[in-house]
Protein chains: 2
Amino acid sequence: MKRIVLFGTGNVATHLFEAYKNSNSFKIIQVYNHASESLQAFEDQVAITTNLDEILSADIYILALKDDVLAEIKEHIGKTDTLVLHTSGSVSMDVLKKFKNHGVFYPLQTFSKNKEVDFFNIPICIEAGNKESANILEELASEISEKIFTISSQQRKTLHVAAVFVSNFVNYLYTEGEKICAESQIPFEILHPLILETALKVTKMSPIESQTGPAKRKDQDVINSHLVLLSEDQQKIYSLLTQSIQNLHGKEL
Amino acid sequence: MKRIVLFGTGNVATHLFEAYKNSNSFKIIQVYNHASESLQAFEDQVAITTNLDEILSADIYILALKDDVLAEIKEHIGKTDTLVLHTSGSVSMDVLKKFKNHGVFYPLQTFSKNKEVDFFNIPICIEAGNKESANILEELASEISEKIFTISSQQRKTLHVAAVFVSNFVNYLYTEGEKICAESQIPFEILHPLILETALKVTKMSPIESQTGPAKRKDQDVINSHLVLLSEDQQKIYSLLTQSIQNLHGKEL
């Protein structure tokens with residue numbers, strides 16, 4: 001049984017805590033956060049602390065922290081043989097090189113606190129500073145997921161940018177879609193099947209093949225009739241993405 | 001048994017043809033297209049024609065045509081009591097008002113010819129010129145889907161714009177994500193679970209609540225480190241959407 005101290009109480013930390021609850025091989029023995037309010041959700045389940053001098057000794061420290069907080073906290077952790085991991089998509093493994101055993105444990109998923117996720121299908125991108133750390137990381141990841149990828153810091157950075165496009169930016173377009181519907185008293189639910197099918201489709205075929213719509217068809221009448229329905233900010237997005245689609249698919253003609 | 005003539009052989013027409021294949025209440029008896037090559041996929045299964053003077057008499061004409069072709073073809077259909085429908089998201093029902101019985105049958109989904117869809121969950125937006133047409137339309141739609149919505153021309157136009165945001169534009173962002181991965185030899189498959197979860201999440205909670213990522217966190221270091229990895233065109237999209245997310249979520253602070 002390997003003991004883990006979890007640093008952080010954000011979306012990733014909360015979901016990791018849930019994921020390892022039923023593990024027989026790994027046990028989260030303590031959760032740290034600088035603010036005590038954030039620890040309330042954990043206090044009945046595990047030891048908690050707001051004091052970096054009271055961190056328990058353990059086999060693994062998981063720093064599931066915002067990038068700037070990560071930089072600060074790691075300075076406060078003294079010399080140790082414990083395997084120290086961070087969970088960030090955009091931070092190089094090297095920020096942890098002061099620790100003999102270090103690595104990265106990056107679950108590639110979007111987490112919201114009040115939405116359950118099934119870790120089993122979540123790709124976990126791992127990277128380790130030495131062979132021994134790699135073995136523990138692989139064991140740790142395999143405990144909750146069947147999709148483990150060894151990804152370098154440079155690749156992870158690129159992957160994180162791609163994830164911003166296909167998740168954060170996509171979610172923003174959903175937000176605009178909901179807003180447009182609300183203005184005409186149309187329930188957003190009517191768009192759910194379209195949203196799901198659009199996502200599902202690109203897991204079966206390349207998105208470049210599955211592009212449809214007025215931009216790809218170069219249907220300027222429809223495009224113009226859409227633009228007049230939109231706010232100035234929405235028009236900017238509509239025009240830029242329409243132009244981008246036409247630039248890409250124009251080459252196919 | 002009501003007889004249907006289907007005008008068009010594009011994505012929507014192809015999927016409608018498949019959907020009504022096993023119906024006992026509706027039968028597609030003929031498919032029209034101006035180009036004979038496009039009819040080849042149908043010729044073993046149904047009567048086909050490229051000649052508008054040879055259209056069979058039927059109970060329903062479904063014009064599943066591009067908007068500009070629709071405007072032209074309807075001029076060539078003479079006076080008739082047949083229920084004439086179009087399938088366009090962006091064209092008003094009124095373009096068909098020269099026909100005594102007319103309406104709109106708009107399946108709100110993204111169709112690609114070589115990707116099967118399950119019509120049962122596809123919302124079908126209907127609008128009819130009179131009560132009798134409304135009844136037939138409802139019967140026609142209920143035959144293949146359990147989600148029927150009566151939507152006015154004005155609402156449909158708005159819905160179509162929203163659909164462009166949540167499907168066409170979203171698919172374009174998937175395309176960029178794939179491109180970014182390919183440049184770093186990362187398999188796009190690693191992003192599939194994230195894509196699916198991002199979509200699934202907004203069917204359970206509002207997208208405004210499920211927004212995550214560096215733009216929402218106002219993590220300028222990450223944003224800057226992403227921008228340098230992108231092409232000029234990608235930077236434009238990244239900057240505009242990041243700014244939009246910050247404008248929206250900045251208000252929450």
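1. Two strands pair if DSSP finds at least two bridges between them. The strands themselves (E, at least two residues) and the helices (H or I, at least four) are DSSP runs, numbered from the N terminus.

2. A word on what you are looking at. This is a predicted model, in which local features need pLDDT of at least 70 and side-chain atom pairs count only at pLDDT 80 or more, while totals for chains, interfaces and linings use all residues. Residues are numbered from 1 along each chain as its sequence is written, and chains are lettered from A and ligands numbered from 1 in the order in which they are written.

3. Now for an overview of chain A. Nine helices and eight strands make up its list of elements. Its C-alpha atoms fill a box of roughly 65 × 40 × 30 Å along the principal axes. Of its 253 residues, 45% count as buried (20 or more other C-beta atoms within 10 Å of a residue's own; exposed means 12 or fewer, partly exposed lies in between, and C-beta atoms are placed from the backbone). Contacts are worth a glance too (two residues are in contact if their C-beta atoms, placed from the backbone, lie within 7 Å). Among the contacts in chain A with a separation of 6 or more, 51% come from residues 24 or more positions apart.

4. β1(A) runs parallel to β2(A), joined by six bridges, and parallel to β4(A), joined by four. Phe7(A) is a handy landmark: it stands opposite Tyr32(A) in β2(A), and its bridge partner in β4(A) is Leu63(A). Moving on, strand β4 (residues 60-63) of chain A is joined to strand β5 (residues 83-86) of chain A by four bridges, again in parallel. There, Ile62(A) has Leu85(A) as its bridge partner.

5. Next, the helices that lie against the sheet of chain A. β1(A), α1(A) and β2(A) make a right-handed β-α-β unit (with the strands pointing away from the viewer, the path from the first strand over the helix to the second runs clockwise).

6. Which residues touch the most other members of the largest nonpolar core? They are Leu6(A), Ile62(A), Leu6(B) and Ile62(B), in a core of 138 residues (a set of buried Ala, Val, Leu, Ile, Met, Phe, Trp, Tyr and Cys residues joined through C-beta atoms within 7 Å). Leaving aside residues up to four places away in sequence, Ile62(B) touches Leu6(B), Leu16(B) and Phe105(B), among others.

7. Lys21(B) lies in the loop between α1 (11-19) and β2 (26-32) of chain B, and it counts as exposed because it has 11 C-beta neighbours inside 10 Å. Ser92(B), in the loop between β5 (83-86) and β6 (102-107) of chain B, has 17 such neighbours inside 10 Å and so counts as partly exposed.

8. Finally, see how the chains meet. The contact takes 81 residues from chain B and 81 residues from chain A. On the side of chain B that touches chain A, α4(B) gives the most, with 24 residues. By class, that side has 42 nonpolar, 25 polar and 14 charged residues (Ala, Val, Leu, Ile, Met, Phe, Trp, Tyr, Cys and Pro count as nonpolar, Asp, Glu, Lys and Arg as charged, and the others, Gly among them, as polar).
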